[in-house]
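Subject: Structure for you to look at

Hello,

I am passing on the structure below.

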Amino acid sequence: MSLTLEQVKRIAHLARIETSDAEALSTQGHLNGIFQLIEQMQAVDTAGIEPMAHAQDLAQRLRDDAVSEADRRAAYQAVAPETEAGLYLVPKVIE
Amino acid sequence: MNQWEVVIGIETHAQLATVSKIFSGASTAFGAEPNTQACAVDLALPGVLPVLNRKAVDCAIRFGLAIGADVAPKSVFARKNYFYPDLPKGYQISQMDLPVVVGGSLTLQVGSGDKAYEKVVRLTRAHLEEDAGKSLHEDFHGKSGIDLNRAGTPLLEIVSEPDMRSSDEAVAYAKVLHGLVRWIGICDGNMQEGSFRCDANVSVRPKGQVEFGTRREIKNLNSFRFLKEAIDFEVQWQINEIEEGRKIQQATVLFDPDSGETRMMRSKEDAHDYRYFPDPDLLPLVIGAEWVARVKGELPELPGQKRERFMTGLGLSAYDAGTLTASQEIAAYFEATVAVAGANNAKPCANWVMVDLAARLNKEGKEIAEAPVSAPQLGGLIQRIADNTISNNIAKKVFEALWNGEGATADEVIDKQGLKQITDSGAIEALVDEVLAANAANVAEFKAGKEKAFNALVGQVMKAAKGKANPQQVNDLLKQKLAG
């Protein structure tokens with residue numbers, strides 16, 4: 001499998017990464033190199049092996065349902081570009 | 001007309017009843033000052049890691065067991081990637097390929113009276129995920145304000161199969177689901193606060209066609225009324241489009257309660273490439289058989305089971321049994337009433353709870369838990385109707401007195417206010433004779449064939465008895481005398 005230039009541009013758009021044609025072209029080369037590696041790996045016979053969702057074969061640890069975080073709004077908002085009335089302000093978004 | 005079939009599937013987001021968030025220790029309490037309950041994990045500051053809340057998993061297991069679904073021994077969290085300012089990480093942690101709950105079904109009663117029918121709606125899945133924050137678009141000098149208190153709140157997204165065929169079925173489904181999540185204590189069901197919100201996937205197809213039509217998804221319906229209105233509008237809109245020769249485009253729409261219309265929010269083509277992949281920050285969620293068994297042991301009797309028992313054990317109709325199992329509170333009140341009045345009085349108990357008590361509560365905007373008349377008091381009252389101490393009419397007076405705190409028990413009120421029914425046939429006969437003598441005109445009318453005159457005479461006797469004469473005895477005696 002390999003990606004077309006068109007697909008590379010679409011992925012960049014979905015990730016909100018601005019790419020020039022030259023960058024898209026070189027990225028296409030890098031990505032397709034990775035796909036070749038994957039193709040090599042796919043030659044390994046994995047019949048009967050359960051797919052893993054994580055590289056480590058462990059189960060998720062859980063925490064008890066208790067509030068452990070105090071309000072630190074002032075500290076967090078001190079590093080925010082703009083705030084008002086306790087809200088973070090961002091460029092206007094309307095669907 | 002009528003050649004179109006409506007197909008509806010519903011996705012519901014139920015906010016789980018935890019005190020802390022699904023992946024952080026920040027509070028989930030409603031109504032706090034903006035961003036005072038958004039911690040480093042919720043804000044997606046660098047270097048933070050999510051740690052899963054055990055109670056949220058517990059809620060998912062409870063739900064799975066309550067709908068007869070499979071609880072997955074192993075489920076996986078995935079990242080759903082999209083960009084929006086109220087989603088600081090740039091992805092929502094959700095579940096995709098391996099959700100925690102698979103399958104199950106809900107049984108609904110649709111309609112009432114002669115047209116009532118039962119319907120089984122299959123569920124596809126239910127999965128755990130986190131909620132996003134809230135965007136406020138009022139004018140902040142041309143900017144939007146972001147409150148991340150809600151970010152990371154645990155949700156159970158419950159997905160039905162496209163099994164519903166009308167807005168009435170959709171509403172019945174939403175109501176049963178709403179009742180169930182409250183019943184098993186996993187969600188407070190508060191729709192105004194957004195704890196329970198529905199998305200409806202709606203399509204139409206010519207009757208008899210096997211393939212589904214193209215669907216549009218109506219987002220974020222937070223009341224049963226809006227759910228019905230939005231679907232009804234959407235169905236009519238889609239039918240008009242098709243009949244005028246246009247094709248339906250798959251899209252997400254919003255319902256505007258003011259205009260009663262749905263309008264397009266975004267076309268699905270570009271926006272819905274979420275590029276899901278397993279979240280490397282979270283290991284698979286493993287739920288052992290002993291955990292499931294423990295939760296099963298903690299489950300209360302479910303509404304469906306209780307309903308069945310009310311029908312077979314107490315002889316109630318499907319409608320009554322359904323109404324009385326709409327919530328744990330109503331069911332508990334009814335059962336406590338029957339415990340006093342006796343199982344053979346289950347039907348009058350049902351009527352009193354569903355009609356008289358409900359109307360009185362409604363009038364004062366009270367919940368059943370706040371009813372001034374307790375279940376044992378009502379049970380005692382119903383006993384006195386059953387043993388003919390008082391008539392139904394007088395019982396309403398006693399109920400009112402109990403409501404106003406004019407006595408601790410029905411017996412006390414009956415005694416104090418002298419409401420005991422007159423059943424001594426000699427005493428009633430005397431009253432009947434008096435009335436017949438004083439109302440010769442009515443008697444003559446009745447004998448001339450006017451049925452109404454009989455009722456007038458009954459009324460006169462009851463009036464003379466101050467409402468306390470046993471109505472059946474009055475009827476019988478009057479008939480006897482008039483025939484004689």
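The notes below cover a sheet, a pair of helices and a single residue.

This is a predicted model, in which local features need pLDDT of at least 70 and side-chain atom pairs count only at pLDDT 80 or more, while totals for chains, interfaces and linings use all residues. Residues are numbered from 1 along each chain as its sequence is written, chains are lettered from A and ligands numbered from 1 in the order in which they are written, and side-chain values use heavy atoms, with hydrogens and water left out.

The sheet

Helices (H or I, at least four residues) and strands (E, at least two) are DSSP runs, numbered from the N terminus. Two strands pair if DSSP finds at least two bridges between them. An open sheet of 4 strands runs in the order β2(A)-β3(A)-β11(B)-β10(B), with antiparallel pairing. Its edges are β2 (83-84) of chain A and β10 (134-140) of chain B; each has a single partner strand, so one side of each is left without a neighbour in the sheet.

Between the chains, β3 (residues 87-91) of chain A pairs with β11 (residues 143-147) of chain B in the antiparallel sense over 4 bridges. Here Tyr88(A) has Ile146(B) as its bridge partner in β11(B). Tyr88(A) is also the bridge partner of Thr83(A), and β2(A) and β3(A) pair over 2 bridges, again antiparallel. Their hairpin has 2 residues between the strands, and Ala85(A) takes a positive phi near 50 degrees there. Of the 5 residues of β3(A), 4 are buried, so this strand is largely enclosed by the rest of the structure. Buried means under 20% relative accessible area, exposed over 50% and partly exposed in between (1.4 Å probe, protein chains only).

The helices

In chain B, α14 (residues 425-438) packs on α17 (residues 471-483) at an angle of about 55 degrees, with the axes 10 Å apart. Axes are lines fitted to C-alpha atoms, for helices over the stretch in contact, and angles run from 0 to 180 degrees between N-to-C directions. Contact means heavy atoms within 4.5 Å. Among the residues that meet are Ile428(B) and Val432(B) from α14(B), and Leu477(B) and Leu478(B) from α17(B).

The single residue

Ile67(B) lies in the loop between α2 (54-66) and β3 (70-71) of chain B. Ile67(B) is buried, with a relative accessible area of 5%. Leaving aside neighbours within four places in sequence, its contacts include Val101(B), Leu106(B), Leu123(B) and Leu180(B).

Regards
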